[in-house]
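Work through the exercises below with the model open. Each task is followed by a solution in steps.

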Amino acid sequence: MPYRPVVKLLEKLEQSGLPKELIKKPNVDSVALNGVGAYIPPIRKITIRYAPYSMHSGGTSRGVSSWILNNLKPFAAARPYVVFRVEQDFRRQPVAIAEYTNGALKTMELKRLAGDDITQKLTHACHSSGQPDQKYKRRRVVRPRIRDVVGGVWDPFHNPTFRP
């Protein structure tokens, strides 16, 4: 019964007509701003599907198999916020599927790639946001032509008020 005084205090508060919640609840409608206070990377999970080289995959998964044996552990240790999943798929080419927090999926082919190329592709997947790459339109720069100018081109040698 060590909490009996607290229970009595709460009963007195209820009888006095004061609200039960003395601390207001946080606003659940607020928008989370990524990067304000803490940064949460947008990538959630990377799934690597490959066929083991010994299972007659034709050699397309040879680089992926060696990368998994040699480089996956340090790559995953450097990125603890990503869940890595390795699946053996005996009928298809090796692929990596990146899942993001916004629900987007990016599929990358790993067919006949060396270890450095696989590391580069997965690093790019870890650093991207999951949104499709945007194409930016180039602005057309409009320059006036000489014949469009009424007075012609200014020249310091034909201007009598110009003094160098």
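**Exercise 1.** Find which ring the charged end of R79 sits over.

Solution. The charged end of R79 lies over the ring of F75, 3.9 Å from the ring centre. The criterion is that NZ of Lys or CZ of Arg is within 6 Å of the ring centre and within 35 degrees of the ring normal. The model is predicted: local features need pLDDT of at least 70, side-chain atom pairs count only at pLDDT 80 or more, and totals for chains, interfaces and linings use all residues. Residues are numbered from 1 along each chain as its sequence is written, and side-chain values use heavy atoms, with hydrogens and water left out.

**Exercise 2.** Classify the aromatic pairs that involve F75.

Solution. Step 1: rings of Phe, Tyr and Trp (its six-membered ring) pair if their centres lie within 6.5 Å; planes under 30 degrees apart count as stacked, over 60 as edge-to-face and the rest as tilted. The count by this rule is 2 aromatic pairs.

Step 1: the ring centres of W67 and F75 are 5.6 Å apart and the planes are at 65 degrees, so this pair is edge-to-face.

Step 2: F75 and F84 also form an edge-to-face pair, with 5.7 Å centre to centre and 75 degrees between the planes.

**Exercise 3.** Decide for W67 and F75: buried or exposed?

Solution. Buried means under 20% relative accessible area, exposed over 50%, partly exposed in between (1.4 Å probe, protein chains only). W67 has a relative accessible area of 1% and is buried. F75, at 5%, is buried, and F84 is buried too.
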